[in-house]
Amino acid sequence: MLRAMTLCLGFLALLAGPTSGQAQQTIKIGVILPFSGQFADTGVQLDDGIKLYMQQHGDMVAGKKIEVIRKDVGGIAPEVAKRLAQELVVRDNVDILAGFALTPNALAAAEVSAQAKKFMVVMNAATSIITTKSPYLARTSVTVPQIDEAFGNWVAKSGVKTVYTLVSDYGPGLDAEASFQRAFEAAGGKVVGSVRVPVANPDFSAFVQRAKDANPEGIFIFVPGGTQPAAIGKALASRGITPKDTKIFGQGEITSEDALKSMGDDAVGIVTAFHYDYNHNSPMNREFVAAYNKAFGRNPDIYSIGGYDGMRLIYAALEKTGGKADGQDLIDAAKGMTWESPRGPMSIDPETRDVVQTVYIRRAEKVGEHVANVEFDKVENVKDPVKSRMPK
Amino acid sequence: MAGVADPHQYLAAKQRWAPIEVAFWLAMLLPFVLVPTYLPLASQIAITAIFAVSLDLILGYAGLVSLGHAAYFGLGAYTAGLIAKAGWGEPFSGLLIGGAAAGLFGHLTGYIVVRVRHLALIMITLGIGLLLYEVANRASWLTGGNDGLQGVAMWPLFGSFDFDLYGYTAYAYSLAVLFAVVLAARRLVHSPFGLSLRAIRENERRMPAIGAPSRARLRTIYTIAATIAGIGGALLAQTTQFVSLGALSFERSAELIVILVIGGTGRLYGGVVGAIVYMVARDRLSGMNPQYWYFWIGLMLIGVVLFLPNGILGGLATLLPRRSRAS
Amino acid sequence: MIAPAVGVLFDGFAYGMLLFLLSVGLSVTLGMMNFVNLAHGSFAMVGAYVAVSLMGLGWPFFATLPCAFLVAGVISVGFERTLFRRVYRASDLQQVLLTIGLAFISVAAAAWFYGTMQQPVRLPVYLRTYATFMGINFSIYRLFLIAVALAVTGLLVGALDYTRFGAQVRAAVDNQRMAQGLGVDVDTVFAITFALGSGLAGLGGALAIEIVGLDPNFTFTYLIYVLIVVAVGGLGSIRGSLLAAILLGVSDAAGKYYVPTLGAFLIYLVMVSLLLWRPSGLFGRR
């Protein structure tokens, strides 16, 4: 009985469904981000990147009006992310899914993108495999192996023989550990020890002491952005590890703007690899940072640039399709797209639909009153190494 | 119910279906017609309701406050997800196996849980939940760790209904399971066993004195509640075809208590009503104001405490007899 | 190998002191009034934001600490008089719901006024260095933290044991109704105790920023740890809270240092086994 009813109703709904889709003069983009909870700042900064791009470029593309619908996923909640994506598609009739700060959420929503054949732009989540989950998905942020394999190789080539790795004990941390060690050892370095730190871990000093006991030439660190970078920086300093005696390496989170503000002079000398920093020296970036500050009263970070470039990709793809929002047309338009971003040259790999970009090697240095990341080397045109190794 | 002297008559009277219950279940079918684009939300509400009913059995009826109930929910979810990933995607059997795994774990942990009361009980259930969360995080080769369990592929329900994008199958399936769970819980709480649980809740020391073993009965209900929670988790894994550590998290346990207390404890339908009110409010508020919605949720919670001290159902219950007396 | 271990245990000890400051207020209010206050972390957050704001205005770090204590205490007593007292007779679960609601509101308010970003804290240089003694590095800041916590404990224990007010508090914790019957104004005693406890949480919040940072989610970051300290220590016991906090801080640090693979498990295992051994906590009476 129930099943029969379900079927009947389903049929009715299918009849009623498509009416709202016709005479489409607007393109709707459903943005799913954590606007609340532990990762709220990531969501806010990314969304500000989206807003800034739309302020600068208007809300009309190829004769269509762009409308953004924002949804809060509240944290690591893939079932919520998937439901929101479903609802955005079936109820709000969105043409494009975007945002996605966290890997599990992006993975779950990618299934909706694949099933409904909707273009999806991942603007932050950085686990390598996400792009393989839907053929209509492109990424404008970064992947963890992209940075850390390039960095591991660079560190070994710079003459460092032994490192100790200290990473957060969860997906991205393990990715960072594996990619850094792999590249570092392939280039002739030796990993003398490693430790994984629980994600919910407010005090680092015991782990830092362990790293110090191994007496390595350098320590490689990965912790998620937020409260932890400053905490680990302070733990290093108070356990007597400073870049003067032990080289400190890390993915860019550990010298994010607010971490540097809290660490102050203790941070000077920390070498990190990342794809964007607001201090990147190019006219385009200076303009971007000024506009961002004017609009939101703070500096952009990697999340902002992910959102900004994500919108850039959506706008450009829509221009190319002449306003057609079909998933296949949009992803075809996005493949191979190349542009100059405030972060430098970047493109979408036509094969993997993942981001290709420059990885910058930076050192924290005193610039005037403050400590800032100063780029002193770079690795250009870096692809995601994991997918390059996957059997085709 | 006053005037029914014989306990068996009392229980039989309680077993009878009230018209409002029938109306309630018919109303649960309305989303299919009225709001067909809200079915994914409706099915997640039904799943949360199952989870809340399971907590009500131990909290509302037996007086065991648990802050780690998500352990059983998550265990059911991971079990069902792993079975489907391993190649057996039949939903119904997956549901039962998920429930059984959670029930087994519930039975084992029950031996520890029923030994303690008050704050120690809350903290030990919390500890069990957090430990299981860490185990799942650590065993990333099995569970996918923080990235979540991928590759959960479900076969069509009864061989013919695919889990569709609109959520028709998911809601029909979740609603049917919710109905079955409430039916079973209804029989249980209106049985002599259910009565003895309430007696334990009111005075635990007295029960063994009159020949009813408190701890054994508490273990039984704890196992049953864990099984139902596991079924809820398995349902979530199957309808979303994804499992993450969030299924095991402390936040999920805490939110569940909030949901149950909003609805009203010890009232069977309290969890269901709480799930509907809380999740619809959350969806509406966060849709309107993605960044500050929890401000309004906070106000709602305070309002419930100040104006509906026995939850929504408690509030309704004080209204209804008055009206019937007046008419 | 002894020296680094001593250093790590020292850090764990200091961390335990921080947990003590954050949780002692909750323990006493729970023990006295059976009032479950999950918004306790919000008062710690108030203290933390007060310290950050004043430092932003150019105040020295030390001057912000009494203000963090005062503001958190005053705000908490405002809520106690207007809101919390209405639910003292309600069930635990009602209290949980009310205070979680308040905690949600405080998180939203912090995000609204201060934004979601990390608040940077810059301490004076002399607090940021470390002293070396017998080859072991001791962080000056953590030494300072321990000194503050021990001073607070001394004051609290002294006040409880040797003052009239302390006697009233002890009486109220032991048996609220009996104390009332003997003419103790439990209502007022409780309000003052509540303000003191929340003030200490505010102080702890201000002191915690340097070690763990500050964003609007701070309210919930410590919730689990604080609950563990309260439960393990025993309700209403200052000595119990102190011992539990030290035990937790030190075993956490030692576990991370010696068996990092067990890292996250250890603290929960310790809690579960201690509570099975003594369900009312180490110093609990009920």
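This text walks through two interfaces in a predicted model: one between two domains of chain A, the other between chain C and chain A.

Chain A is the place to start. Its residues are assigned to two domains, and each domain is made of two stretches of sequence: 25-142 and 284-353 form domain 1, while 145-274 and 359-389 form domain 2. Where the two touch, domain 1 of chain A contributes 14 residues and domain 2 of chain A contributes 12 residues.

The size of an interface is often expressed as the accessible area lost when the parts come together. For domain 1 of chain A and domain 2 of chain A, that area is about 1,000 Å², with 51% of it on carbon and sulfur atoms. On the side of domain 1 of chain A, the residues that lose the most area to domain 2 of chain A are A:Ser128, A:Val142 and A:Ile302, which together account for 39% of what that side buries.

Polar links also cross this boundary. The rule finds one salt bridge between domain 1 of chain A and domain 2 of chain A. A salt bridge joins the side chains of A:Lys383 and A:Asp349, with 3.5 Å from N to O. Five residue pairs are in polar contact between the two domains of chain A. By residue class, the side of domain 1 of chain A that touches domain 2 of chain A has four nonpolar, seven polar and three charged residues.

The next interface lies between chains. Here 34 residues of chain C meet 35 residues of chain A. Chain C and chain A bury about 2,800 Å² between them, and 52% of this is on carbon and sulfur atoms. Within chain C, the residues losing the most area to chain A are C:Thr116, C:Gln118 and C:Lys256, together 20% of what that side buries.

One salt bridge is counted between chain C and chain A. A:Lys234 and C:Glu210 pair through their side chains in a salt bridge, at 3.0 Å from N to O. Six residue pairs are in polar contact between chain C and chain A. Several elements of chain C each supply at least two residues to the side that touches chain A, among them the strand β2 (136-139) and the helices α9 (186-212) and α12 (238-258). The largest share, five residues, comes from α1(C). The side of chain C that touches chain A divides into 18 nonpolar, nine polar and seven charged residues.

Notes. Residues are numbered from 1 along each chain as its sequence is written. Chains are lettered from A and ligands numbered from 1 in the order in which they are written. This is a predicted model: local features need pLDDT of at least 70, side-chain atom pairs count only at pLDDT 80 or more; totals for chains, interfaces and linings use all residues. Side-chain values use heavy atoms; hydrogens and water are left out. Domain bounds come from an automatic or database domain assignment. Contact means heavy atoms within 4.5 Å. Buried area is the accessible area (1.4 Å probe) that two parts lose on being put together, summed over both. A salt bridge is a side-chain nitrogen of Lys or Arg within 4 Å of a carboxyl oxygen of Asp or Glu. A polar contact is a pair of N or O atoms within 3.5 Å; within protein, one must be able to donate a hydrogen and the other to accept it, and residues adjacent in sequence count only if both atoms are side-chain atoms. Ala, Val, Leu, Ile, Met, Phe, Trp, Tyr, Cys and Pro count as nonpolar, Asp, Glu, Lys and Arg as charged, and the others, Gly among them, as polar. Helices (H or I, at least four residues) and strands (E, at least two) are DSSP runs, numbered from the N terminus.
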